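Q: I would like to learn how to read the place where two chains meet. Could you take me through an example?

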There are 2 protein chains.
Amino acid sequence: MKANRYAIVVAAGSGKRMGAPLPKQFLTIGGKPMLIHTLERLHSFDSNMHLVLVLHPDYFSFWKALTEEYRFIVPHTIVAGGQERFHSVKNAIDFIQDESAVVGIHDAARPLVSIDTLVRCFETAEQKGNAVPVIALNDSLRVVNDTGNSAVERSLYRLVQTPQCFAMNILRAAFDKPYQPLFTDDASVVESIGHTIHLVEGNRENLKITTAEDLRWAEWQLTT
Amino acid sequence: MKANRYAIVVAAGSGKRMGAPLPKQFLTIGGKPMLIHTLERLHSFDSNMHLVLVLHPDYFSFWKALTEEYRFIVPHTIVAGGQERFHSVKNAIDFIQDESAVVGIHDAARPLVSIDTLVRCFETAEQKGNAVPVIALNDSLRVVNDTGNSAVERSLYRLVQTPQCFAMNILRAAFDKPYQPLFTDDASVVESIGHTIHLVEGNRENLKITTAEDLRWAEWQLTT
């Protein structure tokens, strides 16, 4: 029997870097909130996948009003966010009581993940226990150190995207450990309990929308 | 007296990754070749700056025809490219006989460098001997190693752009050394003779146009 698929969509951030009054996941792209674009993309990949949306409780009623305004009817469950991304994801994991599931954890601010990337991530995780989408660097890379900075060999590095996908039992074991500030993404949490991370190809447009410029770019991508 | 400024524009690549019959620097963006956009941007930053364009000799006459077709009249000198980027830059350095100059080396495929970035790069190099524009990473970063891959602390890393600017005497000394395959950019050449590289803020749109998707993005940026 095929494992159930879940997507945890992390939208608990405050989006302060955007310089906007609203958290960025609610800003509109082509007349529709970013978060709705993201959820629709995941749903179009696999309409049987369970969607678990992590929101700050302050925005529960705001989100409900948005779904009504935009007639967004894709079924999803809402879970309250925590202090850090780690705690937000942990709350969603606690909700999912399905130990044979495969779970993809996706940034709400990545509405441009491609269907191909979603296929690669979920299918590889189903086979190997986890999968993380990455892309190569087009630019040279330098590392800052105590005495200044120095060049590093960029061909050895990869930029990490989402969804980061994991077998549920592995994910639960990893998030049962205490939070560490070194955890910058979910793969680093799973890696901390000794698992090897499997890399798959992401897509270059799958940018994490961070600045007003990125938002304009996503608007162009989604409306042309 | 203020040092003379030079910009070496490296356009000697074959652009094979674009899947186009022409090297990418000649592809049009909003109806005008990328290379003309790049040269015009540099000229608009400082109309007294000397422009040194490095081209593959196969494209000398093609470029001449392009300048006529697009009535591109900004003065510039053409130098023949070499085997690797290192050799192309070295040919341009050999042409510049002005030991007190400040020289910025810029990718032809970065037409979207901002005037602010150009100001930061040249002014810092004029004060400190060199300057390289960088941006922070929005994505997590992993490094590939013999046994797989692992997370690294992204806050310590910077993506490197151009123009990379240097005092002429430093640049000449660095490029007088033999070529090494480890040189991925001009800063790494200068670093190899013991200089500390000074980092300044680049601009996120200053993308190196590599794919057809990047080209479409640049078109949108330059025409809206």
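A: Let us begin with strands: strand S10 (residues 157-160) of chain A pairs with S8(B) in the antiparallel sense, over four bridges. Two strands count as paired if DSSP finds at least two bridges between them. Strands (E, at least two residues) and helices (H or I, at least four) are DSSP runs, numbered from the N terminus. Within this pairing, Leu159(A) has Leu141(B) as its bridge partner.

Q: What should I know about the source of the coordinates and the numbering?

A: This is a predicted model, in which local features need pLDDT of at least 70 and side-chain atom pairs count only at pLDDT 80 or more, while totals for chains, interfaces and linings use all residues; side-chain values use heavy atoms, without hydrogens and water. Residues are numbered from 1 along each chain as its sequence is written, and chains are lettered from A and ligands numbered from 1 in the order in which they are written.

Q: What is the mean pLDDT of chain A?

A: As a general idea, where pLDDT is low, the predicted coordinates should not be read in detail. pLDDT is the predictor's confidence in each residue, from 0 to 100. For chain A the mean is 93, and 96% of its residues reach 70 or more. The model scores ipTM 0.91 and pTM 0.90.

Q: Which strand does S8(B) pair with inside chain B?

A: S8(B) is joined to S9(B) by five bridges, and the two run antiparallel. A hairpin connects them through two residues. One bridge pair to look for is Val143(B) with Ser150(B).

Q: How much area do chain B and chain A bury between them?

A: Interface size is often given as the accessible area lost when the parts come together. Buried area is that loss (1.4 Å probe), summed over both parts. Chain B and chain A bury about 3,800 Å², 52% of it on carbon and sulfur atoms. In terms of contact (heavy atoms within 4.5 Å), 39 residues of chain B meet 39 residues of chain A.

Q: How many salt bridges are there between chain B and chain A?

A: A salt bridge is a side-chain nitrogen of Lys or Arg within 4 Å of a carboxyl oxygen of Asp or Glu. There are four between chain B and chain A. One of them joins Arg110(B) to Asp139(A), with the closest N and O atoms 2.7 Å apart. Another joins Glu191(B) to Arg142(A), at 2.5 Å between the closest N and O atoms. That pair crosses from helix H6 of chain B to strand S8 (residues 140-145) of chain A.

Note on methods. Buried area = accessible area lost by both parts, 1.4 Å probe.
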